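Thanks for taking a look at this one with me. Please open the sequence and the model side by side, and keep both in view as you read my points.

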Amino acid sequence: MNATMHAVRAHERGGPERYAYESAPRPEPAAGEALVAVCAASITAGELDWDATWTDSFDGTGRDRTPTVPSHEVSGIVAALGSGVTDLGTGDEVYGLIPFTRDGAAAEYVTVPADMLATKPATLNHDQAAAVPLAALTVWQALVDHAALQRGQHILIQGGAGGVGTFAVQIAAALGARVTATASARDKDFVTGLGAQRVIDYRNEHFEDLVHDVDVVLDLVGGETLDRSWAVVRPGGIVVSIVQPPDQEKAAARGARGLFFIVEPDRPGLMAISELIDAGKLKPVVDRVVPFTETRAAYEALATEHPRGKVVLHVEHGGEEAG
Ligand SMILES: NC(=O)c1ccc[n+]([C@@H]2O[C@H](COP(=O)([O-])OP(=O)(O)OC[C@H]3O[C@@H](n4cnc5c(N)ncnc54)[C@H](OP(=O)(O)O)[C@@H]3O)[C@@H](O)[C@H]2O)c1
C-alpha cells in the first residue's frame, strides 16, 4: 500500500471553500483501530459549524486538528488492523459512524476504532450503506435506548420527512408502534409510504387538534414544535428531542419526561439496524451520489438546497491529482 492517499482536507477552519482534494499521508491503525479502504461516505448539514469538526472536543476548548477530513459516515472494506483487534478481519465489508472529533471518510482511507464498526447490510451497496449510520443510530438510540418504545404504543414524530425523520418513521413502524408524523403537505404520500398511519400537514393543521395522549414524541424540529408537544404526550409518557433540551418544568407540569441526547457510535445498534435492513423493513433514502472529488460542491449545495435523504460521496481509489 502507498504511504500516501487522496483525501479532501481543510487546512484552516471555515466553510466548504476551505476543502481541497489533495495528497495526504495514509493513516496507520493504532491499537484497537481498523484501517478502512473507503468506498463511500456521507455528509451532514451543519457539520462544518461544529467545534468537533476542527478540534478534538465538542465544546470549543479542544486542540486544533487541522488539516481535517470531513464526512463521518463510512462504508468500506477493512484494509489493515491495529494490534488487539480480533473481531474484524481484512476484507470485511463494514460501515459505521466515526466520532466527529476524528478525521472523517472523504478520503481513500480512514482509521476508525474497530468497536465502532459493524458488518455492512448485505442487501445494500456501499453508497447506500454510507447513508445509514448517523440517522439510523440517532433514531435507534432515541426509540430503543431512551424511550423504550413498545409494540402497540403511539408515537408522534415531529418532522417525518427529513434525513432523520425518514429513518424514524420506518424504525418506529418496524418496532410495531402506531406512527403519526408531521410533515409538509407535499411529503404526505412519501411519509405514508414509509409506514406512518397518519401524516399531519404541519403548515396547515395543528397536531394538538388531531392527536392526544401519545406515549412518545420524537422531536426532530425543536423550538415552538417541541414546546407545543407537551399538550399531546400522555402523563407518564416521554418527549425525546435530538434538537434541544426540553423544558423540565413543562415536563414536570405534564407528569411526563423530557430528554435530549447526542448520538454516539454504537456497534450493537448498527448490527440491529443491519438486521432490519436485510429483513426489508428499513431502506435508506439517498438523494444523490457524487464523486468525492466534488465534496466541496456537495457541502455548498447543502447550504441552499434541501435534499430528501442523504448526499453520498462515492470514493474511487487511485484518482488523478486535482487542484
Ligand atoms: N442530537 C443528535 O444526535 C442529532 C443527530 C442527527 C441530527 N440532529 C438534528 O436533528 C435535526 C433534524 O435533522 P435532519 O438531518 O433530519 O434535518 P432535515 O433533513 O433538514 O429535515 C428536517 C425536516 O423537518 C421538517 N420540518 C421543518 N419544520 C417542521 C415543523 N414545524 N414540523 C414538522 N416538520 C418540520 C422539514 O420539512 P420541510 O422541508 O418540508 O419544511 C424537513 O423534512 C437537525 O436539527 C439536526 O442537527 C441531531
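The numbered points below go through a helix, a sheet, some backbone details and the ligand shell.

1. A word on the ground rules. This is a predicted model, in which local features need pLDDT of at least 70 and side-chain atom pairs count only at pLDDT 80 or more, while totals for chains, interfaces and linings use all residues. Residues are numbered from 1 along each chain as its sequence is written. Helices (H or I, at least four residues) and strands (E, at least two) are DSSP runs, numbered from the N terminus.

2. Let us start with helix α2, residues 133-146. Is α2 mostly covered or mostly uncovered? Ten of its 14 residues are buried, so the helix is mostly covered; buried means that 20 or more other C-beta atoms lie within 10 Å of the residue's own, exposed means 12 or fewer, and partly exposed is in between, with C-beta atoms placed from the backbone. Among the buried residues are P133, L134, L137, W140 and L143.

3. What do these buried residues pack against? Their partners are the strands β4 (73-81), β5 (93-97), β11 (214-219) and β12 (233-241), together with the helices α3 (163-174) and α8 (267-278). Contact here means that two C-beta atoms, placed from the backbone, lie within 7 Å.

4. From α2, P133, A136, L137, W140 and Q141 meet G269, L270, A272 and I273 of α8. By class, this contact has seven nonpolar, two polar and no charged residues. Ala, Val, Leu, Ile, Met, Phe, Trp, Tyr, Cys and Pro count as nonpolar, Asp, Glu, Lys and Arg as charged, and the others, Gly among them, as polar.

5. Next, the sheet. Six strands form an open, parallel sheet in the order β10-β9-β8-β11-β12-β13, where pairing needs at least two DSSP bridges between two strands. β10 (198-201) and β13 (257-260) stand at the edges with a single partner strand each, so one side of each has no neighbour in the sheet. At the β13 end, four bridges join β12 to β13, and V239 stands opposite G258 in β13.

6. Two loop residues have a backbone worth checking. A148, in the loop between α2 and β8 (154-158), has a positive phi near 45 degrees although it is not a glycine. D213, in the loop between α5 (207-210) and β11, has a positive phi near 55 degrees. A148 counts as exposed because it has 11 C-beta neighbours inside 10 Å, and D213 counts as exposed with 11 as well.

7. Please also find the cis peptide bond that joins T66 and P67, with omega about 0 degrees. P67 lies in the loop between β3 (33-43) and β4.

8. Finally, the ligand. It is surrounded by 22 residues, the closest being G159, G162, G163, V164 and S184; a residue belongs here if its C-beta atom, placed from the backbone, lies within 6 Å. Which element gives the largest share of the shell? That is α3, with three residues. The shell divides into eleven nonpolar, eleven polar and no charged residues.
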